[in-house]
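Welcome, and thanks for taking a look at this one. Please have the sequence and the coordinates open as you read; the notes below go through them topic by topic.

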Amino acid sequence: MELTDFKPSTWISSSKDSLKISLVSKDGAVQFAPIFTYPIFGDAEQIVGYQDLLVHLAFDSITFRPFLNVKYSTKLDTEDIDDVEGELLKVLPSDKDEVILKDEAKWVDMFEFEQKNSFKLPEDKYKVNEYEIDKEHFVVYKMKLSDDEKFLKLHRRIQIFSLFFIEAASYIDEEDFNWDIYWLFNKEKKQCMGYATAYMYWKYLGGKDFDESKEPKHYRAKVSQFLILPPYQGKGHGSKLYQAIFKNWLSNDLVREFTVEDPSENFDDLRDRNDLNFLYENGFFQELSSKIVNEKDFISNEWLLSKQRAYKIEKRQFGRLVEMIMYKENL
Ligand code: ACO
C-alpha cells in the first residue's frame with residue numbers, strides 16, 4: 001500500500017471521463033464521451049472504489065448489440081463501492097444474452113451473424129421521407145414500437161444514447177400506443193444515424209365538447225427525444241429528420257399543432273433555422289412585409305392566429321419566428 005491509497009480521491013473517478021462509448025463499423029471504431037451520466041451514476045457523476053477505471057461500452061453501428069467491459073488496476077476491497085457493471089446493466093436491454101460482457105470475440109461473432117441473417121431495414125410502408133447527402137441515401141421511417149419486434153429490440157438497445165446526450169431524458173413507456181419513433185437510416189449501409197420519439201396528445205377542448213363530439217379527435221404532436229448520433233452530427237441530418245417529422249404532421253389532418261419538449265439550445269437553433277426556411281419557402285416573409293407596409297404597422301391578431309394555425313407551429317414559437325423575421329427584414 002502506498003500513502004496515496006489512503007486518500008479518498010484516489011478511489012474516485014469521473015463517470016464521464018471513465019466511460020468510453022464506441023460505435024463500430026466496417027470503417028473502424030469511432031469513440032466518444034457521453035455528455036450526461038447522472039441518470040446512471042448519480043448527480044455527482046462519480047464512481048467510487050476503483051483506480052484507473054475504464055468503462056468500454058461499444059455498439060456495432062447496424063444492430064447496436066451492446067458490449068460492456070469494465071477495467072481497472074485496483075478495486076477497494078469493500079462492499080460500499082459502486083457497481084459499475086450493475087448500474088449500466090439496469091439501463092441496457094434486460095433480455096437474456098443481449099449485452100455481451102467482456103468477451104469481445106463473442107460479441108463480434110454475434111453482431112456479424114445478426115447483421116448477415118436477420119437485420120433488415122423497416123418495410124417501405126413505414127417510410128415518410130428519403131434524401132441524399134454527398135451521394136449517400138438516407139431514409140426516415142415512422143413506426144410504433146408494437147409494429148415490429150426487431151425495431152422494439154433496436155430501440156431497447158439504442159435508447160441509452162438518449163440518457164447520454166439529452167438532458168433529463170428518461171425511457172419511454174413501451175406499452176403506450178401514443179408513442180411514434182422516427183428512425184433515420186443510411187439506406188445502403190443500414191446504419192441507424194439517429195431517431196426521434198414523438199407523442200400524440202389529444203387536443204382537449206373541454207369535457208363536454210370532447211365527449212360529445214362525433215368529429216375525429218385532434219392531436220397536439222410533441223417531439224420528446226431527438227438525437228443524431230455523435231459521428232453523424234453537423235452534416236444536415238438533424239435538419240432532414242426534423243423536416244420529415246414536420247412534413248408528416250403538416251399533412252396529417254388530425255394533427256392541429258406541433259411542439260417540442262424541453263428543447264436544448266442546439267435543438268432550438270435547428271428548429272428556428274428550419275421553421276424560418278419553411279416560412280420563407282411558403283411566402284410568409286413576403287406576406288408579412290406587405291401586410292405591415294399596407295396596413296401601416298398594424299397586423300391583426302386574427303390574421304397572425306390564422307397563419308399560426310395553418311402552419312401548425314406552436315403559438316410561442318410562431319411569435320418568436322415573427323419577431324425574427326421582422327428584425328431581419330427591418331420591419
Ligand atoms: N457541412 C457543414 N456544416 C453543416 C452541414 C454541412 N454539410 N450541414 C449542416 N451543418 C451545420 C448546420 O449549419 C449547423 O450549424 P450551427 O450549429 O452552427 O447552426 C450544424 O451543422 C447542425 O445542423 P445539422 O447538421 O442539421 O444538425 P445535427 O445533425 O448535428 O443535429 C442535434 C443537431 C439534433 C442537436 C444533434 O447535434 C444532437 O443530436 N445532439 C445531441 C442531442 C441533443 O441535443 N438533442 C436535442 C435535445 S432537445 C430534444 O430532444 C427535444
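## Model and confidence

A word on what you are looking at: this is a predicted model, in which local features need pLDDT of at least 70 and side-chain atom pairs count only at pLDDT 80 or more, while totals for chains, interfaces and linings use all residues. Residues are numbered from 1 along each chain as its sequence is written.

The protein chain averages a pLDDT (the predictor's confidence in each residue, from 0 to 100) of 93, and 92% of the residues score at least 70. The model scores ipTM 0.94 and pTM 0.93. Where pLDDT is low, the predicted coordinates should not be read in detail.

## Overall build

The protein chain has 12 helices and 15 strands; helices (H or I, at least four residues) and strands (E, at least two) are DSSP runs, numbered from the N terminus. Taken along the principal axes, the C-alpha atoms of the protein chain fill a box of roughly 85 × 50 × 50 Å.

Of the 331 residues of the protein chain, 29% count as buried. Here a residue is buried if 20 or more other C-beta atoms lie within 10 Å of its own, exposed if 12 or fewer, and partly exposed in between, with C-beta atoms placed from the backbone. Among the contacts in the protein chain with a separation of 6 or more, residues 24 or more positions apart account for 67%.

## Around the ligand

Which residues are closest to the ligand? They are Gln233, Gly236, Gly238, Ser239 and Asn266, out of 22 residues that surround the ligand. A residue is near a molecule if its C-beta atom, placed from the backbone, lies within 6 Å of it. Strand S14 (219-228), helix H8 (237-250) and helix H9 (265-281) are the elements that give two or more residues to this shell.

S14 gives the most to the shell around the ligand, with five residues. By class, the shell has 10 nonpolar, nine polar and three charged residues. Because domain 2 (120-247 + 254-262) and domain 3 (264-331) both give residues to the shell, the ligand lies between them.

## A mixed sheet

Five strands form an open sheet with mixed pairing, in the order S3-S2-S6-S7-S9. Its edge strands are strand S3 (28-32) and strand S9 (100-101), each of which pairs on one side only. Two strands pair if DSSP finds at least two bridges between them.

Strand S2 (residues 19-25) and strand S6 (residues 54-60) pair in the parallel sense over six bridges. Lys20 stands opposite His56 in S6, and Val24 stands opposite Asp60 in S6. S6 also pairs with strand S7 (residues 66-71), in the antiparallel sense over six bridges, and there Leu57 stands opposite Leu68 in S7. S6 and S7 form a hairpin with five residues between them, and Phe64 in the turn has a positive phi of about 60°.

## Local details

Most residues other than glycine have a negative phi, and most peptide bonds are trans. Asp52, however, has a positive phi near 55°. Asp52 lies in the loop between strand S5 (50-51) and S6, and counts as exposed because 10 other C-beta atoms lie within 10 Å. Ala168 has a positive phi near 60° and is found in the loop between helix H6 (160-165) and strand S12 (179-186). With 11 C-beta neighbours inside 10 Å, Ala168 counts as exposed.

Is Ala310 buried or exposed? Ala310 is exposed, with 11 other C-beta atoms within 10 Å. Ala310 sits in helix H11 (residues 301-311). The C-alpha atoms of Ala310 and Glu257 are separated by 9.1 Å, although these residues are 53 residues apart along the chain.

Conventions
Nonpolar A, V, L, I, M, F, W, Y, C, P; charged D, E, K, R; others polar. Domains from an automatic or database assignment. Contact = placed C-beta atoms within 7 Å.
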